[in-house]
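Thank you all for coming, and please have the sequence and the model open while I talk.

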Amino acid sequence: RLQQDYISEVAEINDYYKAYEKGMDFNTEGTNGEYIPSDVRFKKAASIINKEARFLFSNPPTFNVNVDDVKGDLADDNSILQEYLDKVLQKNNFNVQIIKAIKDCFIGKRVAIVLNFNSDSEEISLTFLSSLEFIFKMANDNSNKLEKFICFHNTVTTSDRAKQIWFKKVYYLLNGSVYVSEHYYDGLGNLLTDMPSIDDMKTDLTDIPAVVILNDGLIGDTKGRSELAGLLQEEAVYSKLANADIDVERKGMNPVAYTIDAASNSTENLTRSP
C-alpha cells in the first residue's frame, strides 16, 4: 500500500513539472472548414511561481553565528565559525541554488537540504534535493526530528535503464547514533558491486544532517502541498479563453472570400479576394 501511494504521488508530481515546463493542456474550440484553432499555452502558473521565488530570495538571506557565551568570551570562536560558514555557503553557490530550490518546493510540495561530509578532504558540501530525489521518515514522538532519510539520484543520464547508474545514500538513527550507507545501482535496481560502497557505518552524529522543508500544508501534514496544483485549472481556462479571443481576431480581421468566374461557372476558376 505504501509503495503504491508513493508511486501515485511521484506520477502526480511529474505531471506538475510537465505543466510547469510546457503549460497546462486545454481543449481548443472546434475546427470549421480550413480553419485551424490556435493552441498557445500561456504558462501563467509558471510565471507566478517564478515571481514568488524571486520575491522571496532575489535578496538572499544572511546567516549569523552566535554561540552562547557559557564559558567566557567566545567572540573569537564566533568569528571563526562565521567565516567558515560563509565560505561553505559561497563555495556551494547557496544564493543561486536557493532560488531554484524554492521553485521545486512550490511545484513538488517539498525539498530537502543535506550536508555531506568528506573525510578525505575534510570538506562540507550542501545539496538541495527535489521531492523526487528523497524519501524520509519522521520520529513518532512529534519532535519534528528525522528518523530515516534516503536520497538518490541518477549519475548517468540515458534512456537505457541497464546502463543507468543510481547513487543511493541512507541515513538512519539507532540508539541515539546516526548510521550511513552508500551504494550504487543500475536502472533496473541491481546492486553494482564494482562501485565503492559503505555498509551501515556508525558516525559521531546524533542527528541526521538533513532538513525537509514542506510547502504550505496544515498542522500534521507530512508531505506538503503543491503551489502549482491550485493554479493549473485556472491557467487551462485562461488559455482556452485567450486562444478563443485570438481566433476571433484572426477570423474577424482577415476574412477569406472567394468569387466564382460566372462565365465558366467552374470551381476551377475560384479567385481568392483579400
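**Confidence first**

The term pLDDT stands for the predictor's confidence in each residue, on a scale from 0 to 100. Over residues 269-274 the pLDDT is below 50, and beyond near neighbours in sequence this stretch has 13 contacts in the model, a contact being heavy atoms within 4.5 Å. Where pLDDT is low, the predicted coordinates should not be read in detail. For the protein as a whole the mean pLDDT is 85, and 84% of the residues reach 70 or more.

Before going further, please keep in mind that this is a predicted model, in which local features need pLDDT of at least 70 and side-chain atom pairs count only at pLDDT 80 or more, while totals for chains, interfaces and linings use all residues. Residues are numbered from 1 along each chain as its sequence is written, and side-chain values use heavy atoms, with hydrogens and water left out.

**The overall picture**

The secondary structure comes to five helices and ten strands. Of the 274 residues, 31% count as buried, where buried means under 20% relative accessible area, exposed means over 50%, and partly exposed lies in between, with a 1.4 Å probe and protein chains only. The accessible surface comes to about 18600 Å², and 51% of that surface belongs to carbon and sulfur atoms; such areas come from the Shrake-Rupley method with a 1.4 Å probe, and for residues only the protein chains shown count as cover. If we take the contacts with a separation of 6 or more, residues 24 or more positions apart account for 50% of them.

**Charged pairs**

Side chains of opposite charge can pair when their charged atoms come close. How many salt bridges does the structure hold? There are eight of them, a salt bridge being a side-chain nitrogen of Lys or Arg within 4 Å of a carboxyl oxygen of Asp or Glu.

One of these pairs is arginine 41 with aspartate 25, whose closest N and O atoms are 2.6 Å apart. Both residues lie in the loop between α1 and α2, so the pair ties together parts that are 16 residues apart in sequence. Arginine 41 is partly exposed, with a relative accessible area of 34%, whereas aspartate 25, at 51%, counts as exposed.

Another pair is lysine 145 with aspartate 207, where the closest N and O atoms are 3.2 Å apart. Because lysine 145 lies in the loop between β3 (134-138) and β4 (146-154), and aspartate 207 in the loop between β7 (198-202) and β8 (210-214), this pair ties together parts that are 62 residues apart in sequence.

A further salt bridge joins lysine 169 and glutamate 182, with the closest N and O atoms 3.3 Å apart, and both of these residues are buried. There is also a network of salt bridges that links Glu9, Glu12, Lys109 and Arg110.

Now please find aspartate 186, in strand β6 (residues 177-186). What does its side chain reach at 3.0 Å? The side chain of aspartate 186 reaches the backbone nitrogen of glycine 189 at that distance, and the backbone nitrogen of asparagine 190 at 2.8 Å.

**Two polar contacts**

A polar contact is a pair of N or O atoms within 3.5 Å; within protein, one must be able to donate a hydrogen and the other to accept it, and residues adjacent in sequence count only if both atoms are side-chain atoms. Serine 38, in the loop between α1 (2-22) and α2 (44-57), counts as buried because its relative accessibility is 11%, and its side chain makes a polar contact of 2.5 Å with the side chain of aspartate 247. Tyrosine 172, in strand β5 (residues 165-174), has a polar contact of 3.0 Å between its side chain and that of aspartate 200.

Conventions:
Helices (H or I, at least four residues) and strands (E, at least two) are DSSP runs, numbered from the N terminus.
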